[in-house]
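Hi,

Here is the structure I said I would pass on.

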Amino acid sequence: MHLTIDGRVVDAVAGQTVLDAARAAGIYIPALCYHPKTGKAGRCRACVVEVDGLRGLKESCALPVKDGMVVHTATPKVMETRRMVVDLLLAEGHHNCISCQANSSCELQDMVYHLGVERPSFLIESEPTPQDLSSPGIMREADKCIHCGRCVEACQNGVVNEVLAFAYRGSHARVVCDDDLPMGDSTCVQCGECVQVCPVGALVLRQPREQKIRPHETTATRITCPYCGVGCQIDLHTRDNRYVFAMAHENQWERQPNKAMLCIKGRFGLDFVDSPDRLRTPLVRRDGELVEASWDEALDLVAERLKAAKEQHGADSIGFFTSAKVSNEENYALGRFARAVIGTNNIDHCARL
Amino acid sequence: MREELITTIESIAARYPDRRSALLPALHLVQRHNGGFVGSEDLAAVAELIGVPVSEAYGVQTYYSMFQRKPLGRYHLQVDTNIPAMLAGAQTIVAHLEKVLGIKVGETTPDGLFTLSTVECLASCGTCPVIQVNDRYFESMTPERTDALLASLRRGVMPDLPAPAHFGSTCNVLLARRGTPNAADIEVYLADGGYKALEKALGMTPEAVAAEVKASNVRGRGGAGFPAGVKWGFLARGTGKPTYLVCNADEGEPGTFKDRQIMEFDPHLLVEGMAISAYAIGANLAFIYIRGEFAWIADILERAIEQARAHGFLGTSIRGSGFALDIIVHLGAGAYVCGEETALIESLEGKRGNPRLKPPFPAVVGLYGSPTIVNNVETLASVPYIIEHGAAAFMRMGTANNFGPKIFGISGHVRRPGTYEYPLGTPLETLIEAAGGVVGELKAVIVGGLSVPILTAREAAGLALDYDSCLKRGTMLGSGGIMVMNETTSIPEVALRAIRFYAHESCGQCTPCRQGSHTVEKLLERIVSGLGTPADIDLVLQLCGRIKGSTLCPTGEAFAMPIEAMVTKFRAEFEALVS
C-alpha cells in the first residue's frame, strides 16, 4: 500500500505504523519512548503527527498505516508540540550535552538538533538528585530521565528481571529498583538491558565513563559473544584497538538469537581481551616454574606426553575438557581428536559446569 | 504476615478473574491491620502472595496517596483544601489545627497521636470544610467543632458530629429518597417500588432493554456527556471473552459530590441500575470502582448488594430468569486520574492508574482484555427510571439532546451549598436560588467541576445547564459540580490551587501533563508570590495552549483549559501581581 507523508508517496505494508513507514522512507520523526524492542508507549508525545481526516494529533508510533493515508509530520501544531516537549524536558536544566556520557548517542539530543533549538525557552527551579553509583556496571542519573518507560518495559517484560519500575506519581514519578533501593543493593543482575534501550544519558555504562570515552570516539565491530553457545551478537566498541564497552547489536534484532539482549558476561565481561594477565605464548613447566615456550615446543611436549600416557595407562587415562568460548568447529575437532586419534570418550565441556 | 490476613487476601483474590486485582485490597487490608502503613517487609509479603514483583508492588503502593510507607500518628487528620474547601475557609481549619496541635502540615505530634495533612478534594464540597480522620469524614467543620473533635479523639473516641447536608429534588428520580429514613435498606426501597424496573427488564430481551436506554439518549453523567446507549453499542461481540460492566464511582472531580448522594442514601437504585444494565449488555460480573476515601460508602454498597442477593435481585439466576450477576465493590486508594475509564481499568487490575493509549477502547479491549462498559454512578442510577417509565418519560425532562434529570452539586459562596436534582437545561440562576442565593456578589462560576473553563458572572447569566448550552458558552457541563465565587475570591489563587491539584494528580506518564502541570504550577507560584513577570503570564498561556490536545489522556485539557480561561478572563488580576 501507499501513503503520503509530507507530500512524498511512501510504500508501506499492513501492520506497520506510520512511524515505521516514515523511518523506512528516511523521514525523521522523533520518538523518545517508542523503541522497536519495547513497543509503543504514548508517553513522550514527540512522535505526534497530523493525518487528513483524523481529528487532533496522533501518535505515529501507535497509528497503523492505511492505504491512501495522508500524513503531515511538520505542521505548525506538530512543531509547536515537539518544541513544547523539548522545552518541558529541558526546563529543569539537567540535560547538558557538554558533560553527558550519552553525548552523540542521545535521542533527545537528536530531536533538539533537528528542531534547531539552541536553548530551552524557559527554566524552572529544580533540586538536583544525586547520581546512583552503587552498581558496578551501570550509572544512573535520575535527573536526566525523560520517563519514556523503555527501561521499565525492558526489565519487566523483555529480560523479565522485574527490577525496574515506575514509582510515585506526576512530576515525582521516577524509575526505582525494587522498593527504591540503590541499584547496587537491589536484585538487579547487571544485564544492562536498561542501558541498551535508554534514549538519553539517564542510564549509562560505567566502563566507558570511567575511561572517559564517549560513544562517538569508538569503533563498533560486530562480534559473536565468546562466552556461551547462544551466539549473542555484540557491537564491541573499541578505541585504538582496545576494548571500551559492549552493546548488543541491534540491526535486525528480531532475527538474532539474543534479540539484542545481553547478559552480564557479554555486557561487561569482554574487557579481558586487553588484560595484561592474558597468555600471549604457551607456557611450559620447567623445574616447577611455568616459562614461555614456542607453539612447536609446547605442542611437541603435549604430543609426547599424551602418547606416553596412552602407552603406559591406556587411552581412557586421558580426558579432554573443551570450552564454550571456542567455536563449534573447534569443539568438533577436539571431539574427533579425542575419539579417533586418542581413542577415548573422555571429553567434556565447560558449559556443563 | 499473620495467617488470617493471608487467608483473607486469598479469599479476596479468589473473587477476581485475575488475582492481581487483589493488590489494592490487600494493601488496604494490611495497612489497616498494621497501624496505618505498609513497610518493606509487609510489601514484599503482599507482592509474593499476589504474585507480582516487589518493584511493581512498590510502584503501585507509591502511586496511590492513601497508602503509607511509614507510620503516622494514631489519628491522621486530613484537611481537604481544594477549591470548594478553599472557598469555604479550609485554610482557617488548617491554621487552627496547626496552632492547637503545635505542628505544621506533614508533621506528627510528639505523643504520636495526630498527624496533620492536607489532601485533595474529598467530594464533600457542599459540607466543607471537611477533615478526614483515618477513614471517617467530619464535615462542615468550624474551629469549635474541630476542638470538639480533637477533645474526643484525645479520649480515644471517634465522635459523632453530624453535619446536615442541603439537598432538593424537582425530578424525584435520583434523589427521590434522599430524605427518607433508612432508604439504604432494601425494605424501604422495595416499599417505594424498588426493583420493579429490574423485574420488567428481565421480562424483555437484553436488546430491547439496550434499545430503550439508547432511545432515551441518556448522556454519560461522569462528565463527558457521551450517550450511554451509543457506548453500549460499541461493545465487541463474539470475542469469546466475558463482558464486564464497571461502575465508575471514583468521584474525585473537585466540586463534584453527587454520586455519593446516590450510593450512600439510595444504594439499591445503583444496584438495580447496574443489574438492568448488565442484563442489557450481557455481563455476568460487574464492579463498582469507588474512591478509597469513601470506605464507609463502600460498606453501605456491600450491604445493599448482600440484601439484593438475599432477595434474589443478584445471584446465579436473578428472579428465576437464568440471568446471573455478581457485583464486586472495589476500593481505589487516592488517585484522581482513576476517574478516567482506562486508568480505572488499570487500577482495577491492580496496577498504577495510568490511562491507556486509545484505541482500543474499553468496549473492545477493557478489563482483563475483555469488552468492558464503564458508566458513571448517576448514569447507571438513571437506568431504572428509563426502563420502568420508558424513554419517552425520561425525555420529557430536560431539553432537546439533553434529556433527563441531573444532580447538580453547588458549592462555594452560596447560602445552602448542596445537591439539587433538576432537569438538564435548568437555568443556572434557578440552581443558585435553590441553593439559597449567592453570598455577596457573583464574580465567577465554574459549572462542571474544576476541569472546565471558568465563566465570569456576565458570561454565566442565563446559562442553561445542559451539555450543549454550556459548550455554546465556551465551557462544559462536565459533572455538574458548580462552584460559585463571589467578589472576595482571588482568581490567581484559585488558579494556583487548581494547578497544584492537577500537578499532584497527574499520573506522570506523558511529558506535557507531567512536566506541563509541574511547570505551570511553578510559574503560577512565581506570579502569585509577586516574583513573576508579565512574560510568565504569557508563558502560562502559551503552555496551556500547547498542552491542550497533546496529552495521552484528557487530563492535559482538564488543567490547560481552566487555567487558560482563568488567566485570559481575569488577566488584570494576574497582571496586578507582577507589575
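Helices here are DSSP runs of H or I with at least four residues, strands are runs of E with at least two, and both are numbered from the N terminus.

Some housekeeping before the rest. This is a predicted model, in which local features need pLDDT of at least 70 and side-chain atom pairs count only at pLDDT 80 or more, while totals for chains, interfaces and linings use all residues. Residues are numbered from 1 along each chain as its sequence is written, and chains are lettered from A and ligands numbered from 1 in the order in which they are written.

Back to α23 of chain B, residues 534-547. This helix has 14 residues and reaches 20 Å from its first C-alpha to its last, close to the 20 Å expected at 1.5 Å a residue (the expected span is 1.5 Å times one less than the number of residues). Its buried residues are B:D536, B:I537, B:L539, B:V540, B:L543, B:C544, B:R546 and B:I547. Buried means 20 or more other C-beta atoms within 10 Å of the residue's own; exposed means 12 or fewer, partly exposed is in between, and C-beta atoms are placed from the backbone. What do the buried residues of α23(B) pack against? They meet α22, α24 and α25 of chain B, together with α2 of chain A.

That brings in the interface. There, 37 residues of chain A are in contact with 35 residues of chain B, where contact means that the C-beta atoms of two residues, placed from the backbone, lie within 7 Å. On the chain A side, α2 (76-90), β7 (164-167) and β8 (174-177) each supply at least two residues, and α2(A) gives the largest share, six residues. By class, that side has 20 nonpolar, six polar and 11 charged residues. Nonpolar covers Ala, Val, Leu, Ile, Met, Phe, Trp, Tyr, Cys and Pro, charged covers Asp, Glu, Lys and Arg, and the others, Gly among them, are polar.

Axes are lines fitted to C-alpha atoms, for helices over the stretch in contact, and angles run from 0 to 180 degrees between N-to-C directions. On the α1(B) side are B:L5, B:T8, B:I9 and B:I12, which meet B:P25, B:A26, B:L29, B:V30 and B:H33 in α2(B).

In the other pair, the axes of α10 (residues 206-216) and α13 (residues 267-281) of chain B come within 7 Å and cross at roughly 115 degrees. B:P206, B:V209, B:A210 and B:V213 in α10(B) meet B:I276, B:Y279, B:A280 and B:I281 in α13(B). That contact has eight nonpolar residues, no polar and no charged.

Cheers
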